[in-house]
Amino acid sequence: MEKLSKDEVKKRALAVMQYLHETCEKNNIYYVLSSGSCLGAVRHKGFIPWDDDIDVFVPRAHYDRLIDALNRGEGQFRALTYTNCEGYYYPFCKLVDTQTFSQQDGYNPIQSMGLFVDIFPVDGLPSDIKVREKHIRKARRCARLILIKNAVHTPNPIRNIAKRMVGSFFKSESLCRKVNDLALKYSEQTSEYAMDIVWGTKPFLNEYIKERILVPFEDHHFYIPKNYDGYLKTIYGDYMKLPPIEKRASHDLEVYLR
């Protein structure tokens with residue numbers, strides 16, 4: 001298989017995102033760029049220079065409908081979930097380019113995995129801060145167990161063996177189902193706070209992402225929250241300040257043409 005350069009990876013990632021954008025427009029489905037992709041759109045008008053992935057938020061009420069719409073066609077793009085792809089172990093959807101194969105260092109390979117855009121459902125959170133924090137901790141425990149079972153984050157072989165032993169007591173599909181059941185407990189449509197709780201960054205005021213604007217992203221245009229300032233300050237603090245060089249980490253993703 002032919003390995004793609006970083007520029008080629010970005011170009012193909014934009015094609016995946018453009019397909020998602022067009023599908024959402026045709027089907028009246030709401031999305032916004034999230035996390036580093038939202039930050040990149042605001043600060044760099046595209047990718048963060050040392051990064052190459054794209055993250056998207058979709059309200060839970062639109063999420064399943066989007067997956068169905070994405071998979072309705074017979075083209076090169078496919079929406080993977082733990083319910084429709086054998087060996088897939090994430091509790092959220094990845095829209096992949098099926099003409100490629102991708103592998104992230106330290107993670108168990110997924111045969112159907114290609115270059116992807118991450119699609120995170122946005123779910124509601126309880127208003128009471130103590131109840132909210134407890135709810136988030138439960139979800140994060142599930143996410144940690146998924147990583148323990150499917151990823152190695154340490155060069156220490158003894159710790160890796162220990163993690164694999166712990167992971168052997170759990171099934172990825174059951175953990176994904178559990179964290180999604182937790183996520184559905186509070187309606188996003190009526191909650192003051194919201195979050196991509198199935199994988200989780202930080203909780204934010206739901207109003208921050210309720211309206212959106214179309215902005216340049218490389219040579220495309222995609223949606224970000226209209227109140228991107230409130231959202232990005234919640235997630236990153238002083239988001240216009242560049243991090244030190246040693247913290248400019250990429251995802252170590254290797255992508256090949258099939």
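## Crossing of helix 1 and helix 3

Helix 1 passes helix 3 in a right-handed crossing, a crossing being right-handed if the near helix is turned clockwise from the far one by less than a right angle, and left-handed if anticlockwise. Helices (H or I, at least four residues) and strands (E, at least two) are DSSP runs, numbered from the N terminus. This is a predicted model, in which local features need pLDDT of at least 70 and side-chain atom pairs count only at pLDDT 80 or more, while totals for chains, interfaces and linings use all residues. Residues are numbered from 1 along each chain as its sequence is written, and side-chain values use heavy atoms, with hydrogens and water left out.

The axes of helix 1 (residues 6-27) and helix 3 (residues 60-70) come within 10 Å and cross at roughly 110 degrees. Axes are lines fitted to C-alpha atoms, for helices over the stretch in contact, and angles run from 0 to 180 degrees between N-to-C directions. The two helices are therefore roughly perpendicular to each other (65 to 115 degrees; under 35 is roughly parallel, over 145 roughly antiparallel, and the rest oblique). Helix 1 contributes Tyr19, Leu20, Thr23, Cys24 and Asn27 to the contact, and helix 3 contributes Arg65, Leu66, Ala69 and Leu70; contact means heavy atoms within 4.5 Å.

Strand 10 (residues 212-217) runs antiparallel to strand 11 (residues 220-225), and six bridges join them. Two strands pair if DSSP finds at least two bridges between them. Within this pairing, Ile213 stands opposite Ile224 of strand 11. The two strands form a hairpin with two residues between them, and Glu218 in the turn has a positive phi of about 55 degrees.

Three strands form an open sheet in the order 1-12-6, with antiparallel pairing. Strand 1 (2-3) and strand 6 (100-104) stand at the edges with a single partner strand each, so one side of each is left without a neighbour in the sheet. Two bridges join strand 1 to strand 12 (residues 253-257), and Lys3 has Tyr256 of strand 12 as its bridge partner.

## Individual residues

Asn206, in the loop between strand 9 (204-205) and strand 10, counts as buried at 2% relative accessibility. Buried means under 20% relative accessible area, exposed over 50%, and partly exposed in between (1.4 Å probe, protein chains only).

Ser35 is not a glycine, yet has a positive phi of about 45 degrees. Ser35 belongs to helix 2 (residues 35-43) and is buried, at 8% relative accessibility. Lys45, also not a glycine, has a positive phi of about 55 degrees; Lys45 is exposed, with a relative accessible area of 55%.
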